[in-house]
Amino acid sequence: MATVSVRGRGVTSVRPDELTVGLTVQALRPRASEAFAEAGRLAEQLVALCAELAIEPGSRATSNVSLSEHGEHTDRGWQHRGYLASCRLAVRLEDAELASRLVTEAAERLEIKIDGPAWRVAHDNPGRAEARRLAAQDARQRAEEYAAALGSRVGAVVAVAEPETKPERLELAALARSADMPLEAGQQELVAVVDVTFQLEQP
């Protein structure tokens, strides 16, 4: 039985469904206990800010809690400068305007490091199904073109496989202004890829 195997590709553009921002507090103090206590105090203020903005606890996750000796290299060698404690809070939100308020308020009230946002498209977003439909359509078109060139025609589907694709991430693409930090989601490209094997039939 003659067959033809092709790879179809489908692309759609959608608005992301949610975003995650990372907020890291840091404290440098002469003693390890002082640094850890101060980082804890700042983390509590950050959690209080989230509560003030009505950000649900289930949307917040603490990570990267650390405490280490801090120093620097000088012409006299490495010099001890105290202890550095830090803690990161990842906040997942669906509202970009609320995320904008969060990062702006955090920057104004706390000495903080901000990373992100990372944008995400939900697994049940209709754009994913559309990308797959286009990929399947593209695969059949490719197979028909090969079959025609070989003097054959496309028959039944023999096998279908979806190769692993890279996760989508869309990074921050906005500039600061005098008021809140604007966070613009823009459009995110969704790509679906499918491998299909068709029978080849003689006309």
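**Group meeting talk: a predicted protein model**

Let me begin with Glu38, which is found in helix H1, covering residues 32-52, where helices (H or I, at least four residues) and strands (E, at least two) are DSSP runs, numbered from the N terminus. What we are looking at is a predicted model, in which local features need pLDDT of at least 70 and side-chain atom pairs count only at pLDDT 80 or more, while totals for chains, interfaces and linings use all residues. Residues are numbered from 1 along each chain as its sequence is written, and side-chain values use heavy atoms, with hydrogens and water left out.

Is Glu38 buried or exposed? Glu38 is buried, because its relative accessible area is 14%, and buried means under 20% relative accessible area, exposed over 50%, and partly exposed in between, with a 1.4 Å probe and protein chains only. If we set aside residues up to four places away in sequence, Glu38 touches Ala27 and Arg29, where contact means heavy atoms within 4.5 Å.

Now to the protein as a whole. The protein has three helices and seven strands, and, read along the sequence, they follow the pattern β-β-α-β-β-α-β-α-β-β. Of the 203 residues, 36% are buried. Among contacts between residues at least 6 apart in sequence, 80% join residues at least 24 apart. The protein exposes about 12400 Å², of which carbon and sulfur atoms supply 49%; accessible areas here come from the Shrake-Rupley method with a 1.4 Å probe, and for residues only the protein chains shown count as cover.

Leu200 has its place in strand E7, residues 188-201, and it counts as buried because its relative accessible area is 15%. Which residues does Leu200 contact, leaving aside its neighbours within four places in sequence? They are Ala2, Thr3, Val4, Ala147, Leu150, Ser152 and Arg153. Leu200 and Leu150 are 50 residues apart in sequence, and their C-alpha atoms are 9.4 Å apart in space.

Patches are made of residues with over 30% relative accessible area and no salt bridge, with like charges joined within 9 Å and nonpolar side chains (Val, Leu, Ile, Met, Phe, Trp, Tyr) within 5 Å; a salt bridge is a side-chain nitrogen of Lys or Arg within 4 Å of a carboxyl oxygen of Asp or Glu. Asp17, Glu94, Asp95, Glu97 and Asp124 form a negative patch, where Asp and Glu count as negative, Lys and Arg as positive, and His and the chain ends are not counted. The place of a charge is taken as NZ of Lys, CZ of Arg, CG of Asp or CD of Glu. One of these residues, Asp124, is found in the loop between strand E5 (112-120) and helix H3 (126-149), and Asp124 is exposed, with a relative accessible area of 66%.

The nonpolar patch is formed by Phe36, Val65 and Leu67, which together have about 280 Å² of accessible area. Val65 lies in strand E3, residues 60-74, and is exposed at 51% relative accessible area.

Strand E3 also holds Asn64, whose phi is near 55 degrees, a positive value in a residue other than glycine. Ala54, in the loop between H1 and E3, likewise is not a glycine and has a positive phi of about 60 degrees. Finally, a cis peptide bond, with omega about 5 degrees, joins Gly116 and Pro117, and Pro117 has its place in strand E5.
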